[in-house]
Amino acid sequence: MNDDVLATVIDILTTKAGLPPGPVTPTATLQEAGVDSMAAAVLAMILEDDHHLVITETALTAQSTVADLAAFIETQLATRA
Amino acid sequence: MTGMVLAGLGCWLPPTVVANTDLMNTEMDSFVRRRIGVVSRHRISQGAATVHLAAEAARLAMHAAAVNAVDTLILATTTPDRLCPAGAPEVASRLGLTGIPAFDINAGCSGFLYALQLARGLLATSAGTVLVVGAESASTMVNPADPSTAPIFGDGAGAAVVRRAEQGEDSTFGPTAWGSDGTLADAIAIPAGGSRQRVPAPGRGDADLFLHLRGPEVLRNAVRRMKSAATEAAEAAGWTLDDVDLLITHQANATISTALAAALPFPRERMPSNIHRVGNTAAASVPILLAEAAAQGLLAQGNRLLLTAFGSGLSWAATTALWPCVASLTAYQKETTP
């Protein structure tokens, strides 16, 4: 998995969505990381606005760990139209 | 463009303070503190409502402006005492101003900035002074049993006296960028009580009489619209965001403010905030924050302020302000700030 995508996802969740950074680790589940509907909305917004990638909050929060979330986004980026 | 000078500010928060711990368990309290940013909020007392809050704040603003009359009064609110009549005439009468033109506007949480823009038009045509009030009994529009809205909102009012600028005098307020999107009208809505649906639908109990909020959709639109409006207003004033001393935003929730700071980008430390103590007071949010920041000496003459708000409708607005030497009176701070 591309470390840059993982780092970007963690950065968005912490500095831009305001989640406390400590729990947001690659192996943490989204619940352990504190990813709530607001954080998912901020992530979806930034993916759309800055990376032209439209993913619903539902699809994002269906992932189990932060690493899985990053891998899922990486796959979507790769197959982006 | 007619110059509009800020002559006085006031804000009034009802004495009753409701802490998170009065409303919710420890786990919810922790979440609301961290993610919404609210620790306590003020609550109107039984029998009082928005007209009462507005009159108290307006009285303080007039005192701060050292005026005992104004030509016109605009009340921005989402929670009028009654559907009919508007509250502004009653506010004017309580101030001893029976007879002046007085009207309400509803642009949700953008209401105060919308009202300022209307005031500018009035100052260019029919008025020398306008009293612009943002007041909300926001606690009355939320369902106490709905965790997605109940903890967020608070009650209060902020008011500003504005007057036409003299020849050659600096205008306090600069260009305004504002807009709306009715295709998302249902994202923030109280379904029942108006002409479309007078009473709650069968089987829905009284849920339709309270605010419904589509959180993620509102968050995305709030950040995008406040960012574009703020950027547009600053550019129209010939400012870059680096030129802006302080960004005064509608206190919607802490996560929206954090995301907006990242999106602009703008330093979070130059975004005054009082949401932890007053909650989201809708149309009263910007004037309360301005009045408190001025009364606390956070705003210096010559500061460049960028004001931005977003609310139901959907609606948004932003404007610039070159801070004047102005007095601001808050209910719990008797002395004025020179």
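What follows is a chat about two interfaces in a predicted model.

Student: Before we start, what should I know about the model and the numbering?
Tutor: It is a predicted model, where local features need pLDDT of at least 70, side-chain atom pairs count only at pLDDT 80 or more, and totals for chains, interfaces and linings use all residues. Residues are numbered from 1 along each chain as its sequence is written, chains are lettered from A and ligands numbered from 1 in the order in which they are written, and side-chain values use heavy atoms, with hydrogens and water left out.

Student: Thanks! How many residues of chain A are in contact with chain B?
Tutor: 16 residues of chain A touch 14 residues of chain B, where contact means heavy atoms within 4.5 Å.

Student: And what area is buried between chain A and chain B?
Tutor: About 1200 Å², with carbon and sulfur atoms giving 64% of that. Buried area here is the accessible area (1.4 Å probe) that two parts lose on being put together, summed over both. Lys16(A), Met38(A) and Met45(A) supply 43% of the area that chain A buries against chain B, more than any other three residues.

Student: How many salt bridges are there between chain A and chain B?
Tutor: The count is four, taking a salt bridge as a side-chain nitrogen of Lys or Arg within 4 Å of a carboxyl oxygen of Asp or Glu. Arg224(B) and Asp49(A) form a salt bridge through their side chains, at 2.8 Å from N to O.

Student: Which element gives the largest share of the side of chain A that touches chain B?
Tutor: That is H3(A), with eight residues. Helices are DSSP runs (H or I, at least four residues), numbered from the N terminus.

Student: Switching topic: how is chain B divided?
Tutor: Into domain 1 (4–171) and domain 2 (173–324), with bounds from an automatic or database domain assignment. Their C-alpha centres lie 14 Å apart.

Student: What do domain 1 and domain 2 of chain B bury between them?
Tutor: The area is about 3800 Å², and carbon and sulfur atoms give 67% of it. On the domain 1 side, Cys109(B), Leu113(B) and Tyr114(B) lose the most area to domain 2 of chain B, together 18% of what that side buries.

Methods. Helices (H or I, at least four residues) and strands (E, at least two) are DSSP runs, numbered from the N terminus.
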